[in-house]
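Please keep the sequence and the structure in view while reading.

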Amino acid sequence: QVQVVESGGGLVQPGDTLTLSCVASGFNIDYYGMGWFRQAPGKGREGIGCLNNEDGTARYGDSVKGRFVIFRNNTKNTVYLQMNSLKLEDTAVYHCAVDPRPWCSGTYDFWGQGTQVTVSS
């Protein structure tokens, strides 16, 4: 059964760093693009970035570029989202998702349940 489970969310202060995990089961992340998304209260879903598992590169949305980093640990079959210099507006539920292709095609077949990140002073 294909599944991704996020964890690592919590309450942090502005400027803090937090790293989220997305543990995959039922498939090998080596062969699929992996995306991160977030949804803030009252707002639509926003793409954070995507890890291209064909060449190992990642691309990011403008709101997080330069602050967030997506990386993977193939041994643990896990993708991570390291969030640096967190801002109040980063508060949201964060989800990871599986792209059916090894690169970032923009289509996602499986989604995790999400983990809450709250940035508050």
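A disulfide (a pair of cysteine sulfur atoms within 2.5 Å) joins Cys50 to Cys104, with 2.0 Å from S to S. The torsion about the S-S bond of this pair is about -95°, so the disulfide is left-handed. Cys50 lies in strand S5 and Cys104 in the loop between S9 and strand S10 (110–111), so the chain parts linked here are distant, 54 residues apart. Strands are DSSP runs of E with at least two residues, numbered from the N terminus.

The model is predicted: local features need pLDDT of at least 70, side-chain atom pairs count only at pLDDT 80 or more, and totals for chains, interfaces and linings use all residues. Residues are numbered from 1 along each chain as its sequence is written, and side-chain values use heavy atoms, with hydrogens and water left out.

The structure holds 2 disulfides, and the other one is formed by Cys22 and Cys96.

| Disulfide | S to S distance | Torsion about S-S | Handedness |
|---|---|---|---|
| Cys22 and Cys96 | 2.0 Å | 65° | right-handed |
| Cys50 and Cys104 | 2.0 Å | about -95° | left-handed |

Cys22 lies in strand S3 and Cys96 in strand S9, so this link ties together parts 74 residues apart in sequence. Cys22 and Cys96 are both buried, as are Cys50 and Cys104; buried means under 20% relative accessible area, with a 1.4 Å probe and protein chains only. With the bonded cysteines numbered in sequence order, the pairing is 1-3, 2-4.

Strand S3 also belongs to an open antiparallel sheet of 4 strands, in the order S1-S3-S8-S7. Strands S1 (3–7) and S7 (68–73) stand at the edges with a single partner strand each, so one side of each has no neighbour in the sheet. S3 (residues 18–25) pairs with S8 (residues 78–83) over 6 bridges; two strands pair if DSSP finds at least two bridges between them. Within this pair, Leu20 has Leu81 as its bridge partner in S8.

Ser21 lies in strand S3 and counts as buried, because its relative accessibility is 17%.

A nonpolar core is a set of buried Ala, Val, Leu, Ile, Met, Phe, Trp, Tyr and Cys residues joined through side-chain atoms within 4.5 Å. The largest has 26 residues, and Trp36, Leu81, Met83 and Tyr94 have the most contacts inside it. Apart from that core lies another of 5 residues, among them Phe37, Cys50, Ala97 and Cys104.

Key
Buried means under 20% relative accessible area, exposed over 50%, partly exposed in between (1.4 Å probe, protein chains only).
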